[in-house]
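Please read it alongside the model.

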Amino acid sequence: MSKGREVLLNLTLLVAATIFCLMLAEAILRFFPVMSGLHALPVSRDSPVLHFSPNRDFVYSRDWYFDMTNVGHVNNDGWVNNQDYRVSEYPPLVAVIGDSQVEAAMVPYPQTFHGLLATLFEGKLRIYSFGASGAPLSQYLVWARYAVSKFKARALVINVVRDDFDDSRIEYKSAPGFWYYAPGPDGELHLQLVEFHPGAMTALVRHSALLRYLALNLAAVYKFDAIMNWFRPHDDNNVGSLRYARSTLANPAPPRVAASKGAVDAFLRDLDQIGLPAQCIAFTVDGSRYPDRVERDAGTFFDIMRRYFLERASARGYEAIDLDSLFLARYQETAKRFDFSNDSSHFNANGHRVLADALRSSRLFNSGCHFDFSGAVTLMNSN
């Protein structure tokens with residue numbers, strides 16, 4: 001056999017063996033709870049509200065060993081919720097809005113704080129959730145308008161977390177599918193859409209267990225980007241060059257703080273125009289959660305911004321619930337975690353219970369909107 005034919009044969013065998021191994025891995029992984037993803041639909045000016053492919057079940061898991069496995073459901077309107085949504089004036093609707101804490105793909109729906117509230121107030125209120133991972137304050141406003149205009153929401157609960165402030169500015173984040181605040185010609189901040197048009201590669205990943213395992217369970221793209229950040233020039237305003245405190249910048253660069261305060265002010269300005277009285281809107285604001293983190297987080301970007309948000313929201317008449325006081329008191333009583341051991345960004349069932357308790361005791365859920373909550377409060381107290 002000539003040298004050329006031998007090389008060609010070896011190359012053919014290598015390709016065939018590689019294809020066989022990939023097909024074998026694909027077949028094997030289909031028997032494991034590989035993360036399925038939620039399949040976000042295209043977002044454009046004609047379809048401006050990000051939500052997911054409706055009426056389908058999904059699988060959540062993370063890491064190579066499929067930790068935190070959960071099976072959930074995307075409802076008829078494209079949200080992670082076991083309820084189908086309907087347009088109605090009664091029972092009154094409370095819309096719960098947020099990022100992955102509200103999406104809560106890793107927690108069984110009945111154990112989420114909005115699932116607990118839906119059970120608690122069944123027959124008296126409808127509790128619908130609107131959330132997706134990665135969404136900031138600017139996107140919450142879009143979903144709030146959507147809930148009020150389409151579903152006639154009478155009240156809003158908006159959960160505010162560490163990433164919501166600078167991520168609301170298009171200068172610092174521009175993930176496809178979300179709305180961000182950007183400076184306009186008038187010098188004011190206005191919402192700007194980054195459109196999302198999933199292509200052929202997205203479709204391929206969604207249908208391949210192997211590619212989903214690499215992209216979602218192993219987070220290969222994010223890890224590669226994190227490695228590449230080490231080789232990029234350092235800049236005090238570059239998100240890849242700064243030290244983080246639990247996913248939020250620990251180094252509070254003045255330009256980023258100023259931009260984030262501007263986003264907060266623009267968000268509250270626009271929320272004033274949504275058509276609901278201030279007493280019908282409540283914020284739950286995440287904190288450090290544990291005593292040792294309170295001292296460590298002091299003076300960080302998140303510490304500065306959460307205090308600013310609580311102050312500004314309260315000054316406008318909104319109910320702003322500082323969850324830290326509740327977390328710290330509960331932890332002193334039980335010493336139980338509010339998040340996952342390998343995922344401190346997301347509430348576990350215990351954390352969701354604290355949120356549900358906080359809202360049950362809130363002004364909004366105690367006739368803040370002049371609803372009759374007496375039966376539901378009695379139910380909660382009896383439990």
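E188 is partly exposed, with a relative accessible area of 42% (buried means under 20%, exposed over 50%, partly exposed in between; 1.4 Å probe, protein chains only). Its side chain meets that of R269 in a salt bridge, 3.5 Å from N to O. A salt bridge here is a side-chain nitrogen of Lys or Arg within 4 Å of a carboxyl oxygen of Asp or Glu. R269 sits in helix α8 and E188 in the loop between β6 and β7 (189-193), so the pair ties together parts 81 residues apart in sequence. R269 is also partly exposed, at 26%.

## Basis of the model

This is a predicted model: local features need pLDDT of at least 70, side-chain atom pairs count only at pLDDT 80 or more, and totals for chains, interfaces and linings use all residues. Residues are numbered from 1 along each chain as its sequence is written, and side-chain values use heavy atoms, with hydrogens and water left out.

## Other salt bridges

Side chains of opposite charge can pair when their charged atoms come close. A search of the whole structure finds 20 salt bridges.

D297 pairs with R162, with the closest N and O atoms 2.5 Å apart. D297 belongs to helix α9 (residues 291-297), while R162 lies in the loop between β5 (155-160) and β6 (179-183); they are 135 residues apart. D297 is buried at 2% relative accessibility. R162 is buried at 5%.

R62 bridges to D63, the closest N and O atoms being 3.2 Å apart. R62 is partly exposed at 22%, whereas D63 is buried at 17%. A salt-bridge network links D286, R289, R293, R337 and D339.

## Helix α8

Helix α8 covers residues 254-271. Helices (H or I, at least four residues) and strands (E, at least two) are DSSP runs, numbered from the N terminus. The expected span is 1.5 Å times one less than the number of residues. For the 18 residues of α8 that gives 26 Å, and the end C-alpha atoms are 26 Å apart, which agrees. Its buried residues include R256, V257, F267 and D270.

## A nonpolar patch

L11, L14, V15, I19 and M23 make a nonpolar surface patch of about 490 Å². Patch residues have over 30% relative accessible area and no salt bridge; like charges are joined within 9 Å, nonpolar side chains (Val, Leu, Ile, Met, Phe, Trp, Tyr) within 5 Å. Areas come from the Shrake-Rupley method with a 1.4 Å probe; for residues, only the protein chains shown count as cover. I19 lies in helix α1 (residues 3-29). I19 is partly exposed at 44%.
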